[in-house]
Amino acid sequence: MLRRKPTRLELKLDDIEEFESVRKELESRRKQRDEAESAAGGEEAAAIGALGTEHKSREQLINDRIGYKPQPKAGGRTAHFGTFEF
């Protein structure tokens, strides 16, 4: 296989300006989305508080959303090692 010399890439002022404009646009979209989510979250929290349901942790909310129902682990050393006692 023939090898060739590496291609030289040059960064121009126009490229930098385009990158900055795209980055600012993405940041503004992210801020708007975060503000909308926080406003919706505040409304949901008020509705949940009004209904008197208990507060759930972040982990519990994620588990509910994905449908994961963790099973409690059996306690004690014997559960891990069968009938052997150390």
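A: Let us begin with a term: a salt bridge is a side-chain nitrogen of Lys or Arg within 4 Å of a carboxyl oxygen of Asp or Glu. Please keep in mind that this is a predicted model.

Q: Why would such side chains pair at all?
A: Side chains of opposite charge can pair when their charged atoms come close.

Q: How many salt bridges are there here?
A: The count is 4 salt bridges. One of them joins the side chains of E27 and R23, with 4.0 Å from N to O.

Q: Where do E27 and R23 lie?
A: Both are in helix α1, 4 residues apart, which is about one turn of the helix.

Q: And how exposed are E27 and R23?
A: E27 counts as partly exposed because its relative accessibility is 34%, and R23 is also partly exposed, at 37%. The range for that class runs between the limits of under 20% for buried and over 50% for exposed.

Q: What about E25, which residue does it pair with?
A: E25 forms a salt bridge with R29, and their closest N and O atoms are 2.6 Å apart. These two residues are separated by about one helical turn, because they are 4 residues apart in helix α1. E25 has 39% relative accessibility, so it counts as partly exposed.

Q: Which residues are joined into a network?
A: E20, R23 and E27 form one network, joined by salt bridges that share partners.

Q: Which residue does E10 bridge to?
A: E10 forms a salt bridge with R8, the closest N and O atoms being 4.0 Å apart. E10 counts as exposed, at 57% relative accessibility, and R8 is exposed as well, with a relative accessible area of 72%.

Q: Changing topic: what makes up the nonpolar surface patch?
A: L11, L13 and I16 make a nonpolar surface patch of about 320 Å². L11 lies in the segment before α1, a helix that covers 13-51. L11 is exposed because its relative accessible area is 66%, the cut-off being over 50%.

Q: Stepping back, how many helices and strands does the chain have?
A: The chain has 3 helices and 0 strands. Read from the N terminus, the order of elements is α-α-α.

Q: Finally, what share of the chain is buried?
A: Of the 86 residues in the chain, 1% are buried. The chain has an accessible surface of about 9,100 Å², and carbon and sulfur atoms account for 55% of that surface.

Methods:
Residues are numbered from 1 along each chain as its sequence is written. This is a predicted model: local features need pLDDT of at least 70, side-chain atom pairs count only at pLDDT 80 or more; totals for chains, interfaces and linings use all residues. Side-chain values use heavy atoms; hydrogens and water are left out. Patches are made of residues with over 30% relative accessible area and no salt bridge: like charges are joined within 9 Å, nonpolar side chains (Val, Leu, Ile, Met, Phe, Trp, Tyr) within 5 Å. Accessible areas come from the Shrake-Rupley method with a 1.4 Å probe; for residues, only the protein chains shown count as cover. Buried means under 20% relative accessible area, exposed over 50%, partly exposed in between (1.4 Å probe, protein chains only).
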